[in-house]
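Here are my notes on this model. Please read them with the structure open.

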Amino acid sequence: MEKIRKFLVSDLFSVLLILASSVFVFTGNEIGGTILFAALIGLVMVLSDDLLPALQIILLTTCFAIRCKHSFDDFMQFVWIAPPIAILILSHFIIYRRRTEKFSSKNFTCFYGILFVSVAVTLGGLGIITAKEYFSSTSLFYILMLGFAALVVYAYMGSTLRARENYVFSDKFAKVMVSIIFMLAICLAEEYISRWSELSGGFDILAFQWRNNASTMLMLAMPFAFYLSAKKFGWFFVGIFTYVLILFTGSRGGMLFGLVELGICFITMFILDRKHRPYIGIIFGFSLVVAFFLRHSIIDIVSYTTERLLDYDENKIRLGLYSRGIEDFLANPLFGRGLGYMGNSDIHNNAQFTLCWYHCSPVQVIGSFGLFGVAAYVTLLFLRFKTLVKNPTFFNIMLFVSYIGLELMSLVNPGIFVPFPYLFLVTIYFVIMEKCNTDDDRAVLKLMKNKKYGEKQ
C-alpha cells in the first residue's frame, strides 16, 4: 500500500493521467473519460488518505469535461454507475476518519467569513423572492453549494490537509496545478487541428463554447509555473506560455485579465527571486521588443477577440445584466433578489440547471444578496487577505496570485460563484495557506537575499 500511495503522488502518475486524458480528447470520448476518471477518483480515495491525487484527477477531468456542454442526457445514460462511485468516495471518510485532526475555528482565519457568507447566500432574496424560485432544485443546489457546503469543505479540509513527509507539499501541489496547463494545451491543439479547414489562410482564433472556462483554469494555474521556476528556471517559460494559450482560447476576459495576472507574476518574481532577477529583466525586455516587431501579426491573430471586446452587440447582454443587477438591488436593498431569481432570463437565456448569472461578482453580490451580502463578502475578502498576512510564504503568495486571477475573471464571468471547481479550489487554497507550510515554504526571504530557493540556511 505504501508503494501504491507513493506512486499516486509521483510525476509518473501525473504523466499517465495526462496521456489518458489526451486519448479521451483526441477520440472525442470526453463523456466516457469523465465517467472513467470519476470511478478512478473513488478508487484512489479508498487507497490513500491523501486527497491530492484525487484532486489532480478532478482538475484534469474538468479540463476536458468543460467541452461537454449540453450533454446532460448523455451523462444520464451512465447514472447507474453513480451509486458504486459514491460508495467508494464515502468509504474514504470511514476508512481514514481517525487520521483527521480536530478542527477548531480559532485556528482557521476564514471560518467565520465563510459562515457569514453562507448565511447571506441562504437569506438572499428574503422578503421578495417567490417560494417557487427559492425552492427550485437549481436554486437550492447553488444556495447549498455556495454556502454551507463550502463551510463543510473548509472545515473538513482543515482537519485533513497537511504537509507530508514523503514529498514537499508545495512543490507537488504546484505540479498538480501546472498539469492543467499541459492538459488544456492538448485540448486547444485538438480543437485547432480538428477544425484546421476553418482557418482562412492564416492562423486565426477559433470560436468555441468552453473558452471562458479554459481561460479561467489557465489563469488559476499560471502562478504555479512561476513558483516552480524559483528552483528550475525553465518553468518560467511555461508561465509565459500559459498566457499564449489564453490568447488562443479567444476569451476576452482572459486576454485582458490574463495579461494583468502575467504582469503580477513578473513583478512578484522580480521582487522575490533575486537570484534570477537579471534573467527576468532580460526576458521582460526581450518580450517587449518581440511584441513590438510582431505587433501587426499579433493584432491580426487576436483580432477576433478584440473585435468582440469592442463590439457593443457582443457586450450588450452583460451590460444589460449589470443594469438589472442595480435595479434588483434597489428593489430589495437589504437582501437582494436571491440566487434563484429568474426575472432576468429575458436578457440572458441561461443553460439548463444553471442560474441567471449577472456575470460580474460585485453585481452578483449586490443583486442577489443586498447589503447583507456585501458585508459578508467584504468580511471574507478581508479574512482571506489576513490569512496571507499571517502566513507570508513564497508559496502562499503565489496561491494568492492565483486567487486574484480568479477574482479578476469573476468581474466578467460567474467565476467565484461556480461551486465546482472554482469555489471548491479557492476554499482549499486558504486551508493550505495555514496548514501545509514547510521549512522550504517559509524561505521567502532566501529568495530576496539572493540564495537558492530550497537550500538550508
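1. Helix H7 covers residues 111–123, 13 residues in total. From first C-alpha to last, H7 reaches 19 Å. That is close to the 18 Å expected at 1.5 Å a residue. Keep in mind that this is a predicted model.

2. Which residues of H7 are buried? They are Phe111, Gly113, Ile114, Val117, Ser118, Ala120 and Val121.

3. Look just past the end of H7. Glycine 125 has a positive phi there, about 85 degrees.

4. Next, a helix pair. H13 (residues 235–249) and H14 (residues 252–272) have axes that come within 9 Å. The axes cross at roughly 170 degrees. Angles over 145 count as roughly antiparallel, so H13 is roughly antiparallel to H14.

5. H13 brings Phe236, Gly239, Ile240, Tyr243, Ile246 and Leu247 to this contact. From H14 come Gly254, Met255, Gly258, Leu259, Leu262, Phe266 and Met269. By class, the contact of H13 with H14 has 10 nonpolar and 3 polar residues, and no charged ones.

6. Now the largest nonpolar core, with 125 residues. Which members touch the most others? They are Phe173, Met177, Leu184, Phe224, Leu339, Tyr429 and Ile432. Helix H11 (residues 169–194) supplies the largest share of this core, 15 residues.

7. Check tyrosine 429 in the viewer. Leaving out residues up to four places away in sequence, Tyr429 touches Phe173, Met177, Leu220, Phe224, Leu399, Ser402 and Tyr403.

Note on methods. Residues are numbered from 1 along each chain as its sequence is written. This is a predicted model: local features need pLDDT of at least 70, side-chain atom pairs count only at pLDDT 80 or more; totals for chains, interfaces and linings use all residues. Side-chain values use heavy atoms; hydrogens and water are left out. Axes are lines fitted to C-alpha atoms, for helices over the stretch in contact, and angles run from 0 to 180 degrees between N-to-C directions. Helices (H or I, at least four residues) and strands (E, at least two) are DSSP runs, numbered from the N terminus. Angles under 35 degrees count as roughly parallel, over 145 as roughly antiparallel, 65 to 115 as roughly perpendicular and the rest as oblique. Contact means heavy atoms within 4.5 Å. Ala, Val, Leu, Ile, Met, Phe, Trp, Tyr, Cys and Pro count as nonpolar, Asp, Glu, Lys and Arg as charged, and the others, Gly among them, as polar. The expected span of a helix is 1.5 Å times one less than its number of residues. Buried means under 20% relative accessible area, exposed over 50%, partly exposed in between (1.4 Å probe, protein chains only). A nonpolar core is a set of buried Ala, Val, Leu, Ile, Met, Phe, Trp, Tyr and Cys residues joined through side-chain atoms within 4.5 Å.
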